Amino acid sequence: MLYKSTRNSDLKVESAQAITQGISKDGGLFVPDKLPKIDLDTINNIGKLSYVERAKYVLSLFLTDFSEDEINYCAESAYTDKKFATDNIAELAKLSDNTYMLELWHGPTCAFKDMALQILPFLLTTSAKKVAGDKKIVILVATSGDTGKAALEGFKDVEGTQILVFYPVDGVSSMQKRQMTTQEGDNVSVCAIEGNFDDAQTGVKAIFTDEAFAKSLENNGMMFSSANSINWGRLLPQIVYYVSTYAKLVADGELTLGEKLNFVVPTGNFGNILAAYYAKKMGVPIGKLICASNSNKVLTDFINTGIYQKNRDFYTTISPSMDILISSNLERLLYDLSGCDDKKINEWFSLLNSKGTYEVDDKVKTTLGDLFYGGYCTDEDTKKTIKEIFEKYSYLCDTHTAVAVKVAKEYTQKTGDKTKMVIVSTASPYKFSESVLSAISNEVISDEYEQVSKINELSGLEIPNALANLKDKQVRFSKVIDKSQMQSAVSEMLGI
């Protein structure tokens, strides 16, 4: 299987090149030149396997330049009980007769990003050996909270790599900030910027596509790659858990083979829900893809109108991982929906850069509406939803998952659709303890570790060791820079 750029369909590389490079030199994102198919018999059969075996199967469909031993090494190294607090890796909780919670936060950083970022270092280093020789791989990351810590933990002390993470100084929760600034490892660096996630993401993309800077890296025996979902190696492992979830529900007798299943996904950069779209196209019987946003509802408006408009007020919310106005992975979806028309993609995203807005054609607009439902949730409703779910089901969810729960309820009420649905739960509630505690209790506590203890007392939910141990860790990274200084910060971090 080859991979092509969304901005140049004639450019084709193997998966090792796509993963190592991260982003195409023309600024486009790598996508498979065709999607493999999975039939119902296969889905039925893999439902009886472990998560790691399902992962091996899906990875083998896309990584045709990897040997079987290499795929086994990557999957078996990532999905172990030493890294995940559950043998199932991705847990399913049944909320009601037709609603399930897919808990993707049982990994080492308590967020769904672990599902991809525990395996990406193995995919990347295996790929680099094929195409990059002895070059050191420099991982540049922009984060709205969870990706940064998950990437830092995944690449910590991985030989031949160095990782640099930028985050918005006022755009992450205190627990997310603490996780990043106390990160251990000799090859890691973290820096805050004055700005929002979009500023960090734009800055990282600009550095990636700066030819002079790339040449400077090359002269020093280095090359850039990415751990953001712009890297195909980040997105591919996310397809696995959609395939796995459907197969597991069939194996458990919760679904009839071939029965449709809706997915509700809280998303900001569009990677998580895009993975579900790819699984659907591969043959998994997925019905509606329900896209849940917070008050930064650029995706909701786009799905409903076909107009992407980033020129709008930006809100800092209690679901900060979705505080995004430029959803990078939407480019991959639109490339597919437009029939792989790279001219349209270049036109639309040039308009986004120059004017901050674009409108897709009627055909794409119609298809978008058929496939997706877009809804959003305010902070007030997020807290109300956390309280309602906790009181009704004794189930505690974080501020991002609550957005999805609210949008799921709205979708069902508006459409009357009785199809079974899976709500994708993306983080432990303890990562957003202040907001979660205020939603379920009138007690006001300022210390975040006391907040965690109180949530534990009220809910009985086990406190993950990764968060409980943060209190005594030393802060290593406290630098804050202007967004215009990102490139010089990278140079300083790398010593070039």
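**Figure 1. Salt bridges in the predicted model.** The structure holds 23 salt bridges, a salt bridge being a side-chain nitrogen of Lys or Arg within 4 Å of a carboxyl oxygen of Asp or Glu. The model is predicted, with local features needing pLDDT of at least 70 and side-chain atom pairs counting only at pLDDT 80 or more, while totals for chains, interfaces and linings use all residues. Residues are numbered from 1 along each chain as its sequence is written, and side-chain values use heavy atoms, with hydrogens and water left out.

Figure 2. Lys 56 and Glu 53 are joined by a salt bridge with an N to O distance of 3.1 Å. Both residues belong to helix H3 (residues 51-62), where they are three residues apart, about one turn of the helix. Helices (H or I, at least four residues) and strands (E, at least two) are DSSP runs, numbered from the N terminus. Lys 56 is buried at 9% relative accessibility, whereas Glu 53 is partly exposed at 33%. Buried means under 20% relative accessible area, exposed means over 50%, and partly exposed lies in between (1.4 Å probe, protein chains only). A network of salt bridges links Glu 53, Lys 56 and Glu 76.

Figure 3. In the salt bridge of Glu 70 with Lys 130, the closest N and O atoms are 2.8 Å apart. Glu 70 lies in helix H4 (residues 68-78) and Lys 130 in helix H6 (residues 120-131), so that the pair links distant parts of the chain, 60 residues apart. Glu 70 is partly exposed, with a relative accessibility of 22%, and Lys 130 is partly exposed at 36%.

Figure 4. Arg 312 and Asp 301 meet through their side chains in a salt bridge (2.9 Å, N to O). Because Arg 312 lies in the loop between strand S12 (307-309) and helix H14 (330-337), and Asp 301 in helix H13 (residues 298-305), the pair ties together parts that are eleven residues apart in sequence. Arg 312 has a relative accessibility of 27% and counts as partly exposed.

**Figure 5. The crossing of helices H8 and H20.** The axes of helix H8 (residues 174-181) and helix H20 (residues 448-459) come within 11 Å and cross at roughly 115 degrees. These axes are lines fitted to C-alpha atoms, for helices over the stretch in contact, and angles run from 0 to 180 degrees between N-to-C directions. Ser 174, Met 175 and Arg 178 of H8 make the contact with Glu 448, Tyr 449 and Val 452 of H20, where contact means heavy atoms within 4.5 Å.

**Figure 6. Cysteines without a disulfide.** The count of disulfides is zero, a disulfide being a pair of cysteine sulfur atoms within 2.5 Å. The sulfur of Cys 377 is 10 Å from the closest cysteine sulfur, that of Cys 397, which is too far for a bond. Cys 377 is buried, at 0% relative accessibility. Cys 74 is also buried, with a relative accessible area of 0%.

**Figure 7. Two residues with positive phi.** Most residues other than glycine have a negative phi. Phe 270, which is not a glycine, has a positive phi of about 75 degrees. Phe 270 is found in the loop between strand S10 (261-266) and helix H12 (271-282) and is buried at 1% relative accessibility. Cys 340 has a positive phi near 60 degrees. The loop between H14 and helix H15 (342-355) holds Cys 340, which is partly exposed at 28% relative accessibility.
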